[in-house]
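Thanks for asking me to look this one over. Here are my notes, point by point, to read alongside the model.

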Amino acid sequence: MPDLWTIRTTLEWTQGYLERKGDTNPRLSAQWLLSAVTGLSRVQIYADYDKPLSHAERDVLREYVTRRGAGEPLQYIVGEVGFRHIDVKVRKGILIPRPETEVLVSEALAALPTDEPFLAADICTGSGCIACSLAYERPECRVVATDISADALELARENVENLGLDQRVSLFQGDLGQAVPAELMGTFDLVISNPPYIPTAVLDTLDREVTAFEPALALDGGADGLELFRPITQWAARALKPGGVYAVELHETCLEQAKDFALQSGFVQGEIVRDLAGRPRILLARSAG
């Protein structure tokens, strides 16, 4: 470690340490960690290059750098991540929100009428990032969100409450849509989901940062990546009102097969949308009627 713990020397040392540990973007990681420890934005870090770190900040940074050097995702270390227009808490055991899911939310909102109330179901909510984004960006909407994991729902509840959305986002524990109150079936304007969708054989090819730290329950979509998509689709066909929107994020190898299944299940206007990297990622469809 450096003798003089200024932001500059600490940033340089952290970057070098993480580079030696195999971090693919050590400069960015060092900026994230230092920003989290000091409470300064990444821009402020460079404006306060000569500012010394306190003893407490040094102790926290040592822990963070050690964890990052062992491959732990930055989001778990700092405890939050930006998602569209909000920040959500994240922690081990719950899937980290990703940019692809921001595209899912964007496409779903674009498919709905503007400035009109709507009721949405978010299946496999995880951290609650989708449900919270919908409610935050469209104050006229209500969202019902479900997850089978009690830990995920606890985190989602924290995010809902921190964002002041507890009057419009309701959380239920259960398998897929089974926890949704029966009286709401057939009334939803939107069913949206980012289910586990990585084909099992593909999991072994993912970065260790994903497979060693993120939960397999939230990743593994079965042999073809559609194991959970199928029952969600069949449930969504019953849950949506006529003309309602169905939006789901899937693995790039699965979209054509998923579209066919949705159309066979009674949906119409099936459309495949690409993510920011140009890969097939989102299936949009509408219920018949």
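1. A word on terms before the sheet: two strands pair if DSSP finds at least two bridges between them. Helices (H or I, at least four residues) and strands (E, at least two) are DSSP runs, numbered from the N terminus. This is a predicted model, in which local features need pLDDT of at least 70 and side-chain atom pairs count only at pLDDT 80 or more, while totals for chains, interfaces and linings use all residues. Residues are numbered from 1 along each chain as its sequence is written, and side-chain values use heavy atoms, leaving out hydrogens and water.

2. Now the sheet itself. Seven strands form an open sheet with mixed pairing, in the order β5-β4-β3-β6-β7-β9-β8. At its edges lie β5 (169-173) and β8 (267-274), each of which pairs on one side only. On average, neighbouring strands are turned by 15° against each other, direction ignored; axes are lines fitted to C-alpha atoms, for helices over the stretch in contact, and angles run from 0 to 180 degrees between N-to-C directions.

3. Look next at β3 (residues 118-123) and β4 (residues 141-147), which run parallel and are joined by six bridges. D122 has A145 in β4 as its bridge partner.

4. Helix α7 (residues 129-137) touches β3, β4, β5 and β6 (188-193), and its direction makes about 175° with that of β4. Helix α11 (residues 229-239) touches β3, β6, β7 (240-249), β8 and β9 (280-287), at about 155° to the direction of β7.

5. On to the aromatic rings. Rings of Phe, Tyr and Trp (its six-membered ring) pair if their centres lie within 6.5 Å; planes under 30 degrees apart count as stacked, over 60 as edge-to-face and the rest as tilted. The whole structure holds six aromatic pairs. W13 and Y17 are stacked, because their ring centres are 5.1 Å apart and their planes at 20°. Both sit in helix α1 (residues 7-20), four residues apart, so about one helical turn separates them.

6. Which residues form a stacked pair at 5.0 Å centre to centre, with 25° between the planes? They are Y246 and F267. This pair links distant parts of the chain, with Y246 in strand β7 and F267 in strand β8, 21 residues apart. Y246 is buried (under 20% relative accessible area; exposed is over 50%, partly exposed in between, with a 1.4 Å probe and protein chains only), at 0%. F267 is buried too, at 3%. Ring pairs link F229, Y246, F261 and F267 into a cluster.

How values were computed. Contact means heavy atoms within 4.5 Å.
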